[in-house]
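I set aside some time to go through this one with a pencil in hand. Here is the structure, and below it are my notes.

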Amino acid sequence: MDATRIKPPLGHDNAWWWEMAAEGKLGIQCCSQCQTLRHPPRPMCHVCNATEWHTVEASGKGTLCSFTVLRHPQFPGYEYPLIIVLVDLEEGTRLTSQLVDCEPEDVSFGMPVTMKIHEDADGFKLPVFVPAGAVA
Amino acid sequence: MSLEASFLKNKAAIAGIGLTEFSKHSGVSELSLAAECVYAACEDAGISPSELDGFVSYTLDSTDEIEVARAVGAGDLSFFSRINYGGGAAVGTILQAVMAVATGQASNVVCWRAMNGRSGQRMGQGVSGNIISSDLIHWSWYMAYGMLTPGSWVALIANKYMDAYGVTREDLGRVAISQRNYALNNPRAFGYGKPLSMEDYLASKMIADPLCLYDFCQETDGGCAILITSAERARDLRHKPAVIRGVTQASTRGQEQMTSYYRDELLSLPEMEMAARRAYDMSGLGPDAIDAACLYDAFTPEIIMQLESFGFAEQGEGVHMVRDGALDIDGRLPNNTHGGLLSGAYIHGMNNIAEATRLVRGESCNQPAKSVEHVLVSSGVGVPTGALILGAD
């Protein structure tokens with residue numbers, strides 16, 4: 001079997017996000033007391049200090065805040081050139097991800113993108129993004 | 001500025017600096033490098049190792065202080081401490097030493113960093129290796145996507161900044177070449193005798209757009225130690241003291257280690273702005289009083305951004321200083337006159353503190369013609385960090 005990407009170590013504070021991804025969803029953590037959305041997840045709300053939280057499912061629509069194209073070094077389990085993106089979700093949180101179905105020269109700041117779930121050959125699923133309007 | 005912080009001003013000084021040879025393969029243990037540089041710092045100061053009573057290093061340093069203490073023949077230790085966050089620790093170790101000396105906890109404190117950074121554990125390999133322990137969950141957001149190296153983390157910020165302010169690859173090249181030009185005169189530097197042209201720079205391979213090979217610092221085997229004692233005692237020692245006018249650590253709200261992507265300020269370095277504010281307040285100095293600098297330079301764009309953080313240029317205008325040659329030896333702010341981490345050696349910023357000391361002594365291999373009264377040093381960019389202002393006595 002070919003090498004696969006490095007899997008995220010899972011703990012109390014992040015496993016739920018990857019479980020949602022495995023179900024095809026992009027999750028956002030939401031404070032159950034003041035309703036503030038936060039990402040990356042953490043166990044306490046930085047606004048009101050509540051420890052109760054729930055998840056909401058993101059629409060998957062966003063725009064590119066920034067990006068880079070990784071070319072070297074090349075690690076087993078990833079395809080290069082690898083486009084890494086910072087996405088501003090329409091819900092207001094920001095996350096790091098990967099842009100697929102797009103050539104490096106076609107990436108631009110502010111471009112609209114849509115989430116899709118990518119599945120590796122070994123069955124691992126993770127949210128990635130494609131240019132908005134592209135056929136997923 | 002609080003009374004507590006200004007209390008430290010002028011209390012302590014750098015009395016000695018010690019360096020090993022810098023190479024890509026030391027062939028010796030990190031303990032050996034540590035002992036060698038610590039001993040060299042004692043020799044430089046004219047202090048017997050038996051007088052050392054304080055040791056400070058980085059959490060990433062592999063060598064225990066008591067191992068170094070035994071190796072160099074130190075006496076009883078009353079102070080030992082470690083600072084986290086990679087290169088962000090450089091100035092933090094100095095703050096520990098200054099506080100220990102100013103409060104009487106120790107008299108002669110040595111801060112060191114010794115690493116087989118090329119032949120052993122390479123920082124450039126990021127989290128693809130095994131440097132991560134307690135903050136695995138933080139890195140988990142990046143590993144699965146292939147963001148495994150410092151270059152990948154920095155590129156997202158650099159690209160955004162360059163797009164916002166019209167900074168070009170040529171501008172990054174100007175930073176790299178300025179520091180390489182200094183390295184040409186420094187026999188310890190990787191870049192000694194190896195000129196870098198803009199043509200070479202632009203032709204080098206892209207690593208993480210917009211960063212190419214020469215935008216990255218070295219990976220180096222070597223050690224560097226800084227010996228701190230009271231300003232009073234330093235005046236009686238071998239060299240002109242580099243008095244510590246201002247020193248602070250800094251981490252701001254919402255900071256992550258290298259990946260502070262989720263706050264509003266993506267085009268500036270909030271930690272460096274905080275470090276600047278505190279170091280200037282403590283010293284009673286401002287950017288106009290700074291004659292030269294050793295700004296942390298793991299990556300070229302970080303130099304341009306720090307010119308703004310420390311008030312040498314307005315937001316978005318740091319690049320004009322670079323284009324005007326301000327960082328060169330006859331410029332407004334000669335910077336990293338030893339070649340820095342980019343073209344000299346990567347000893348996690350400790351070697352930048354050593355160079356700042358030389359500049360204050362008037363002994364740099366690229367000593368500017370003008371009088372150098374105050375030198376600013378920063379530690380790691382993107383991590384919890386700090387700033388230091390050294391002054392001539």
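My entries follow, sorted by topic.

**Entry 1: what I am looking at**

I am working from a predicted model, so I keep that in mind throughout because local features here need pLDDT of at least 70.

**Entry 2: the sheet in chain A**

I began with chain A, where I found an open sheet of three strands in the order S2-S1-S3, paired antiparallel. Which strands stand at its edges? They are S2 (37-38) and S3 (53-57) of chain A, each of which pairs on one side only.

I then looked at how S1 of chain A, residues 27-31, meets S2(A): the two are antiparallel and share two bridges. For a landmark I noted Gln29(A), which sits opposite Arg38(A) in S2(A).

**Entry 3: the sheet in chain B**

Chain B gave me an open sheet of nine strands, with mixed pairing and the order S3-S2-S4-S7-S1-S8-S11-S10-S9. Strands S3 (79-83) and S9 (292-294) of chain B are at the edges with a single partner strand each, so each has one side without a neighbour in the sheet. I wrote down the average twist as well: 25 degrees from one strand to the next.

Is it buried or exposed? Eight of its eight residues are buried, so I call S1(B) mostly covered, given that 20 or more other C-beta atoms within 10 Å count as buried.

On one hand, S1(B) is joined by seven bridges to S7 of chain B (residues 221-230), and the pair runs antiparallel. Ala12(B) has Ser230(B) as its bridge partner in S7(B). On the other hand, S1(B) pairs with S8 of chain B (residues 242-250), also in the antiparallel sense, over two bridges. Here Ala13(B) is opposite Val243(B) in S8(B).

Further along the order, I checked S10 (residues 374-378) and S11 (residues 385-392) of chain B, which are antiparallel and joined by five bridges. Ser378(B) faces Ala387(B) in S11(B).

**Entry 4: the nonpolar core**

Next I asked which residues have the most contacts inside the largest nonpolar core. They are Val38(B), Ile94(B) and Ile226(B), in a core of 161 residues. Helix H2 of chain B (residues 30-45) supplies the largest share of this core, ten residues.

I followed Ile226(B) in more detail. Apart from neighbours within four places in sequence, its contacts are Ile14(B), Ile17(B), Ala41(B), Ile94(B), Cys111(B), Met350(B), Ile353(B) and Ala354(B).

**Entry 5: two crossing helices**

I picked out H7 (residues 169-183) and H11 (residues 300-309) of chain B, whose axes come within 8 Å and cross at roughly 95 degrees. That angle makes H7(B) roughly perpendicular to H11(B). From H7(B), the residues at the crossing are Asp171(B), Leu172(B), Val175(B) and Ala176(B), and they meet Thr300(B), Pro301(B), Ile303(B) and Ile304(B) of H11(B). Sorted by class, this contact has six nonpolar, one polar and one charged residues.

**Entry 6: where the chains touch**

How many residues does each chain give to the contact? I have 29 residues from chain A and 26 residues from chain B. On the chain B side, the elements that give two or more residues are H5 (136-143), H6 (150-165) and S5 (206-208) of chain B. That side has 16 nonpolar, six polar and four charged residues.

Most residues other than glycine have a negative phi, and most peptide bonds are trans. With that in mind I went looking for exceptions.

I noted a cis peptide bond between His39(A) and Pro40(A), with omega about -5 degrees. Pro40(A) lies in the loop between S2 and S3 of chain A. Another cis bond runs from Asp209(B) to Pro210(B), with omega near 5 degrees, and Pro210(B) is in the loop between S5 and S6 (211-212) of chain B.

For positive phi I have Tyr85(B), near 80 degrees, in the loop between S3 and H4 (89-102) of chain B. Tyr85(B) is buried, with 23 other C-beta atoms within 10 Å. I also have Met258(B), with phi about 75 degrees, in the loop between S8 and H10 (270-283) of chain B. Met258(B) is buried too, with 25 other C-beta atoms within 10 Å.

Definitions and conventions. Residues are numbered from 1 along each chain as its sequence is written. Chains are lettered from A and ligands numbered from 1 in the order in which they are written. This is a predicted model: local features need pLDDT of at least 70, side-chain atom pairs count only at pLDDT 80 or more; totals for chains, interfaces and linings use all residues. Two strands pair if DSSP finds at least two bridges between them. Helices (H or I, at least four residues) and strands (E, at least two) are DSSP runs, numbered from the N terminus. Two residues are in contact if their C-beta atoms, placed from the backbone, lie within 7 Å. Ala, Val, Leu, Ile, Met, Phe, Trp, Tyr, Cys and Pro count as nonpolar, Asp, Glu, Lys and Arg as charged, and the others, Gly among them, as polar. A residue is buried if 20 or more other C-beta atoms lie within 10 Å of its own, exposed if 12 or fewer, and partly exposed in between; C-beta atoms are placed from the backbone. Axes are lines fitted to C-alpha atoms, for helices over the stretch in contact, and angles run from 0 to 180 degrees between N-to-C directions. Angles under 35 degrees count as roughly parallel, over 145 as roughly antiparallel, 65 to 115 as roughly perpendicular and the rest as oblique. A nonpolar core is a set of buried Ala, Val, Leu, Ile, Met, Phe, Trp, Tyr and Cys residues joined through C-beta atoms within 7 Å.
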